[in-house]
Amino acid sequence: MATDSLKAKYAEIIIRPRITEKATFISEKNVHAFEVSSNATKKQVAEAVKAFYKVTPVKVNIVKNPAKEVFIRGKKGVKSGVKKAYVYLKKGDKLE
């Protein structure tokens, strides 16, 4: 029961794994990319990865991409921003 409440708490921090071409290339170097909530900290992301994947990260880098205005087919819109976390694992560790 205690682990379920922890996972629910951390589910709000890590939104989803980021699966892109760049993320695939860096995953070969044991670095994994995640989309995280806009108020998540490095420490919270490290704890969430530890809770979900049972692996201790070596370091965590966070990148914020701002929202951008776009103009497509005569209509204005907004491309939403995202906050990404790059989680570095030591050699031999893998995410399941």
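Predicted model: local features only at pLDDT ≥ 70, side-chain atom pairs only at ≥ 80, totals over all residues.
Residues are numbered from 1 along each chain as its sequence is written, and side-chain values use heavy atoms, with hydrogens and water left out.

The secondary structure of the chain comprises three helices and six strands, arranged along the sequence in the pattern α-β-α-β-α-β-β-β-β. Helices (H or I, at least four residues) and strands (E, at least two) are DSSP runs, numbered from the N terminus. The C-alpha trace spans about 50 × 30 × 20 Å along its principal axes. Of the 96 residues in the chain, 28% are buried; buried denotes under 20% relative accessible area, exposed over 50%, and partly exposed the range in between (1.4 Å probe, protein chains only). Among contacts in the chain with a separation of 6 or more, 58% join residues 24 or more positions apart, a contact being defined by heavy atoms within 4.5 Å.

Four strands form an open sheet in the order β1-β2-β6-β3, with antiparallel pairing; two strands pair if DSSP finds at least two bridges between them. From one strand to the next the twist averages 30°, with axes taken as lines fitted to C-alpha atoms, for helices over the stretch in contact, and angles running from 0 to 180 degrees between N-to-C directions. Three bridges join β1 to β2 (residues 31-36) in the antiparallel sense, and proline 17 stands opposite phenylalanine 34 in β2.

Helix α3 (residues 42-53) packs on this sheet, where it touches β1, β2, β3 and β6 (82-88), and its direction makes about 115° with that of β3. Within α3, Val45, Ala48 and Val49 are buried. These residues cover an arc of only 100° around the axis, which puts them on the same side of α3; the arc is that of the directions from the helix axis to the C-beta atoms.

In soluble globular proteins, nonpolar side chains tend to be buried together. The largest nonpolar core here has 14 residues, and those with the most contacts inside it are Ile13, Ile14, Phe34, Val36, Val45, Val49 and Val87. Such a core is a set of buried Ala, Val, Leu, Ile, Met, Phe, Trp, Tyr and Cys residues joined through side-chain atoms within 4.5 Å. At least two residues of this core are supplied by each of β2, α3 and β6, and the largest share, three residues, comes from α3. Another core, of five residues, lies apart from it and includes Ala23, Val31, Ala33 and Tyr86. With residues up to four places away in sequence not counted, valine 87 touches Asn30, Val31, His32, Phe34, Val45, Val49, Pro57, Lys59 and Val60.

Histidine 32, located in strand β2, counts as buried at 17% relative accessibility. Beyond residues up to four places away in sequence, histidine 32 touches Ser27, Ala85, Tyr86, Val87, Leu89 and Leu95.

Most residues other than glycine have a negative phi. Asparagine 30, in the loop between α2 (21-27) and β2, has a positive phi near 65° and counts as buried at 15% relative accessibility. Lysine 54, which follows α3, also has a positive phi, near 55°; this residue lies in the loop between α3 and β3 and is exposed, with a relative accessible area of 65%.

Valine 58 is likewise placed in the loop between α3 and β3 and is exposed, with a relative accessible area of 56%. Its contacts, leaving aside neighbours within four places in sequence, are with Tyr88, Leu89 and Lys90. Valine 58 and alanine 46 are twelve residues apart in sequence, with a C-alpha to C-alpha distance of 8.8 Å. Threonine 41, in the loop between β2 and α3, counts as partly exposed at 38% relative accessibility. Threonine 41 and isoleucine 62 are 21 residues apart in sequence and 8.1 Å apart in space, C-alpha to C-alpha.
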